[in-house]
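Trainee: I'd like to learn how to read side-chain packing in a model like this one. Can we go through it feature by feature?

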Amino acid sequence: MTSIIEAAAERRAARAKAEAEAATALAVAAGKPASPGQTQGSDPIGDSRVADQALGSDPEVPVLIQLLGTSADERARWDAFVETCPDATFFHRSGWQTIIEQCYGHPTWFFYVEEGGVITGVLPLARMKSRMFGHYLASLPFCVYGGVAATTDTARALLDKAAEELAAALGVGHLEYRNYAPAHPDQSKWQGKDLYYTFRKAISGDDEENLNAIPRKQRAMVRKGIKLNLQGEVDDNVDRMFTAYAHSVHRLGTPVFPKKYFALLKQTFKDDCEVRVITQDGKLVAGVLSFFFRDEVLPYYGGGMDLAREVAGNDFMYWNLMQASAAKGYRMFDFGRSKKGTGAFDFKKNWGFTAQPLPYEYQLFAADALPDVNPLNPKYQLFIKLWKAMPLPLANALGPYIVKNLG
């Protein structure tokens, strides 16, 4: 029997061939060369249907697992499913494949299931491999949420099987799902760890109500920023935001992401990715890059200059984002993931957000223990101290070579 991943790869190759042939025919008819993104083609199935149909509940309904291709129509179908599937998040969007492959060069496998020609589940995966941080397959590196997003049990089972088959074929240490909700609570082969928490809270369209929901001490910091005439501005590029972010992570002893990563995020997700900076009398105070998904706003990367500490810049920044987002109709503020025992964890709790554990799951393959790649691990403490002492320009130059393998 043809394996699941082989069957999916065969169909993707067949689709690509059909699309290229269709593009060539259209170009000849129009009297001009074909160009990528202008193709429409058939979706040949070949003889590999049996690999997928084995898990289907109804033999009358064709069940296929596919690998996401490059056509705009196919990617639009993927994103339309993500937009409506209750299990899906912003980090299931097809654009992450472009970002992970183009910015970092990591191989990806974006699987989806079709039942009767309708997408019923997606699972984005990427492989990370380095001597320093290990070899693993994850859904999804550089993202706080991931795992299977599906509307049927058939799709979930088929996507799990594809991921496990791929992990075994690649010889990875472990397979990792960054779930928002428990996915395999009764399956012993999936293990978890108490490390990451997320912070989410509903917001209203009333500024006073949102402000009064912030505990008194942090609310005083927001008012301090307002009194000191801090201003929020939306940029169409990442330059100022990157400056604030790079200063901030350097203080924490963390390698910086490359500037091109932020630019690619903005380019890929367009209006669903906002770059907001905070200034005082024209001076840069802080900056944050946020994502928008359904009715949610997710401040994802942020940081402040030294001045931010003096003028409550970070508190004002998140308030300014919350205020602007609420005015646009967004009703959920996702403060993002933090590790237990960190300053970021405490900061979000002090804003009145409840810590919600993230049930990430790990299935071991070549490894014999769960991964422990995080700044709280004692073996990284010397590295963090040395990084803090490094000149900022050097840290900005070296950081991208390290962080690309952290994910």
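Predicted model: local features only at pLDDT ≥ 70, side-chain atom pairs only at ≥ 80, totals over all residues.

Trainee: How do I describe a pair of aromatic rings?

Mentor: You give the distance of the centres and the angle of the planes. A search of the whole structure turns up 44 aromatic pairs. In one of them, the ring centres of phenylalanine 90 and phenylalanine 293 are 6.4 Å apart and the planes are at 80 degrees, so this pair is edge-to-face.

Trainee: Which parts does the pair of phenylalanine 90 and phenylalanine 293 tie together?

Mentor: Phenylalanine 90 belongs to the loop between helix 3 (72–84) and helix 4 (95–104), while phenylalanine 293 is in strand 10 (residues 283–293), so the pair ties together parts 203 residues apart in sequence. Another edge-to-face pair is phenylalanine 333 with phenylalanine 335, at 5.3 Å centre to centre and 90 degrees between the planes. Phenylalanine 333 and phenylalanine 335 are buried too.

Trainee: Let's turn to the cores. Which residues touch the most other members of the largest nonpolar core?

Mentor: That core has 58 residues, and the ones touching the most other members are Phe91, Trp96, Tyr261, Phe262, Leu265, Phe291 and Tyr301. Helix 8 (residues 239–252) supplies the largest share of this core, with 6 residues. There's also a second, separate core of 28 residues, including Phe199, Ile203, Ile214 and Ile278.

Trainee: What is tryptophan 96 in contact with, leaving aside neighbours within four places in sequence?

Mentor: With that exclusion, the contacts of tryptophan 96 are Phe90, Phe91, Phe110, Leu140, Phe142, Cys143, Tyr261, Leu265, Phe269 and Phe291.

Trainee: And where do charges sit over rings?

Mentor: Look for a charged end placed over a ring face. Here, lysine 193 has its charged end over the ring of tyrosine 362, 5.8 Å from the ring's centre. Arginine 337 lies over the face of tyrosine 196, 3.9 Å from the ring centre.

Trainee: Last one: how many bridges join strand 7 to strand 12, and how many join strand 7 to strand 13?

Mentor: For each pairing, check the direction, the bridges and the partners. Strand 7 (residues 196–202) pairs with strand 12 (residues 332–339) in the antiparallel sense over 7 bridges; tyrosine 197 stands opposite serine 338 there. Strand 7 also runs antiparallel to strand 13 (residues 355–357), joined by 3 bridges. On that side, threonine 198 has glutamine 356 in strand 13 as its bridge partner.

Note on methods: Residues numbered from 1 in each chain as written. Heavy atoms only, no water. Core = buried A, V, L, I, M, F, W, Y, C linked by side-chain atoms within 4.5 Å. Buried < 20%, exposed > 50% of the residue type's maximum accessible area, 1.4 Å probe, protein only. Helix = DSSP H or I, 4+ residues; strand = E, 2+ residues; numbered from the N terminus. Contact = heavy atoms within 4.5 Å. Phe/Tyr/Trp six-rings, centres within 6.5 Å; stacked < 30°, edge-to-face > 60°. Lys NZ or Arg CZ within 6 Å of the ring centre and 35° of its normal. Pairing = 2+ DSSP bridges.
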